[in-house]
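Trainee: Could you go through this one with me before I set anything up? I'd like to start with the overall picture and then look at the details.

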Amino acid sequence: DGCGHTVLGPESGTLTSINYPRTYPNSTVCEWEIRVKMGERIRIKFGDIDIEDSDSCHLNYLKIYNGIGVSRTEI
């Protein structure tokens with residue numbers, strides 16, 4: 001749904017939600033696929049994260065998966 005500013009390079013990148021650093025709209029869903037060569041690892045650093053408090057995290061959350069598709073697993 002038009003997630004925000006994205007900068008991806010060969011060895012680093014920055015991902016942000018729409019309207020960052022302002023509040024993102026209700027019902028926003030952002031997904032990014034990060035690929036690396038077999039045997040390589042990624043490091044994810046959070047410089048600024050602000051997720052609205054909600055019961056059981058049903059409304060606002062961040063999920064990171066290992067892989068894509070139905071066989072992916074949540075890390």
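Mentor: Before we place any residue, note that strands here are DSSP runs of E with at least two residues, numbered from the N terminus. With that in hand, Leu15 is found in strand E2, and please keep in mind throughout that this is a predicted model.

Trainee: OK, and how many helices and strands does the protein have?

Mentor: There are zero helices and four strands, so the order of elements from the N terminus reads β-β-β-β under that DSSP-based assignment. The C-alpha atoms fill a box of roughly 35 × 25 × 20 Å along the principal axes, and buried residues account for 5% of the 75 residues.

Trainee: Which residues does the UniProt domain annotation cover?

Mentor: The UniProt record, an unreviewed entry, carries the annotation "domain: CUB" for residues 3-75. In this model that span is 0% helix and 14% strand, and its end C-alpha atoms lie 22 Å apart.

Trainee: What about charge, which residues form the negative patch?

Mentor: The negative surface patch is formed by Asp48, Asp50, Glu52, Asp53 and Asp55. Of these, Asp53 lies in the loop between strand E2 (13-15) and strand E3 (65-66), and Asp53 counts as exposed because its relative accessibility is 73%.

Trainee: Changing topic, where is the cis peptide bond?

Mentor: The bond from Tyr20 to Pro21 is cis, with omega near 10°, and Pro21 is placed in the loop between E2 and E3. For context, most peptide bonds are trans, and most residues other than glycine have a negative phi.

Trainee: Which non-glycine residues have a positive phi, then?

Mentor: Asn19 is one of them, with phi near 70°, and Ser27 is another, with phi of about 65°. Asn19 is found in the loop between E2 and E3, and Ser27 has its place in that loop as well. Asn19 is partly exposed because its relative accessible area is 33%, whereas Ser27 counts as exposed because its relative accessibility is 71%.

Trainee: One last thing, how far is Cys57 from Trp32?

Mentor: Their C-alpha atoms are separated by 20 Å, with the two residues 25 apart along the chain. Cys57 is found in the loop between E2 and E3, and Cys57 is partly exposed because its relative accessible area is 48%.

Definitions and conventions
Residues numbered from 1 in each chain as written. Predicted model: local features only at pLDDT ≥ 70, side-chain atom pairs only at ≥ 80, totals over all residues. Heavy atoms only, no water. Patch = residues over 30% accessible without salt bridge, like charges linked within 9 Å, V, L, I, M, F, W, Y side chains within 5 Å. Areas by Shrake-Rupley, 256 points an atom, 1.4 Å probe, with all protein chains shown as cover. Salt bridge = Lys/Arg side-chain N within 4 Å of Asp/Glu carboxyl O. Lys, Arg positive; Asp, Glu negative; His and termini not counted. Charge placed at Lys NZ, Arg CZ, Asp CG, Glu CD. Buried < 20%, exposed > 50% of the residue type's maximum accessible area, 1.4 Å probe, protein only. UniProt positions renumbered as here; feature names shortened; annotations may be inferred.
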